[in-house]
Amino acid sequence: MHYRPLLASAIAIVTFVQLTGCAPLRQSDDQPQLNARTLISDIDAFEKQPTAATWEPIRVALLNTPSNAAVESTVVESLAQRPVPQRILNAAAVDLATVDWTGAMKWIRQYNVAAGTDPSARGRQMAGATARLAWLMLALRANYAKDSVDLSYTDLRCDAPFVGQEMNLANVDFSGSRLLGGTWRRTNVGGAAFAGVTLAGDLHCVACSFSGLRHSGSFALVNGRWVVH
């Protein structure tokens with residue numbers, strides 16, 4: 001999927017709204033105006049050489065853009081389609097979460113599901129990158145959030161050590177997804193759905209919360225349900 005043809009027109013609309021004073025908050029004089037051609041050029045430079053320096057102009061544009069699907073989807077695609085250093089990916093997740101946690105997560109899921117239909121090296125790369133992005137976003141999720149999050153039919157196999165550690169997974173739909181085994185600790189799984197999940201190894205949850213109550217023991221995910229282990 002490529003959304004760059006949408007980017008120029010989308011940013012043009014945003015810029016017009018800002019310049020005419022219709023936006024809720026106008027940019028200050030020292031903030032750069034959004035420019036589609038410049039942003040696309042910045043993204044191309046980042047894809048050729050993903051570093052903190054090439055990410056910075058994208059970050060500035062992202063943080064100065066009102067929630068915009070075309071911009072967010074293009075940024076997620078650029079982060080996922082080629083290898084990006086983990087520290088850059090981690091920082092990018094913080095920026096995406098700051099701008100639009102819900103919208104960014106929807107694009108991450110969409111690219112991840114699409115990657116699952118692509119057996120090529122590019123598909124595997126995108127699946128792995130979006131899996132890590134999804135877990136990073138979940139790690140950044142507010143501990144009071146209870147809104148539904150759709151991660152159904154995703155490939156979330158990620159062996160990063162932070163996965164499942166003190167996360168708020170309340171009301172996250174993992175139905176039909178693929179997960180790695182391991183041990184989650186002090187994570188809130190209340191209301192989360194695991195029907196049809198495929199596990200690569202045993203998955204346990206220690207000192208986790210169910211329906212608002214923390215249990216000190218260990219539970220195992222068996223046939224989509226957490227049972228005392």
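Contact means heavy atoms within 4.5 Å. By this criterion W226 touches W184, V189, F194, L203, H204, C205, F210, F219, A220 and L221, not counting residues up to four places away in sequence. The model is predicted: local features need pLDDT of at least 70, side-chain atom pairs count only at pLDDT 80 or more, and totals for chains, interfaces and linings use all residues. Residues are numbered from 1 along each chain as its sequence is written, and side-chain values use heavy atoms, without hydrogens or water.

Ten aromatic pairs were found in the whole structure. Rings of Phe, Tyr and Trp (its six-membered ring) pair if their centres lie within 6.5 Å; planes under 30 degrees apart are stacked, over 60 edge-to-face, and the rest tilted. F194 and W226 pair edge-to-face, at 5.5 Å centre to centre and 85° between the planes. This pair links distant parts of the chain, 32 residues apart. F194 lies in the loop between β3 (178–185) and β4 (198–206), and W226 in strand β8 (residues 225–228). Strands (E, at least two residues) and helices (H or I, at least four) are DSSP runs, numbered from the N terminus.

Both F194 and W226 are buried. Buried means under 20% relative accessible area, exposed over 50%, and partly exposed in between (1.4 Å probe, protein chains only). F210 and F219 form a tilted pair, 4.8 Å centre to centre with 45° between the planes. F210 counts as buried because its relative accessibility is 16%. F219 does so at 12%. One aromatic cluster comprises W135, F174, W184, F194, F210, F219 and W226.
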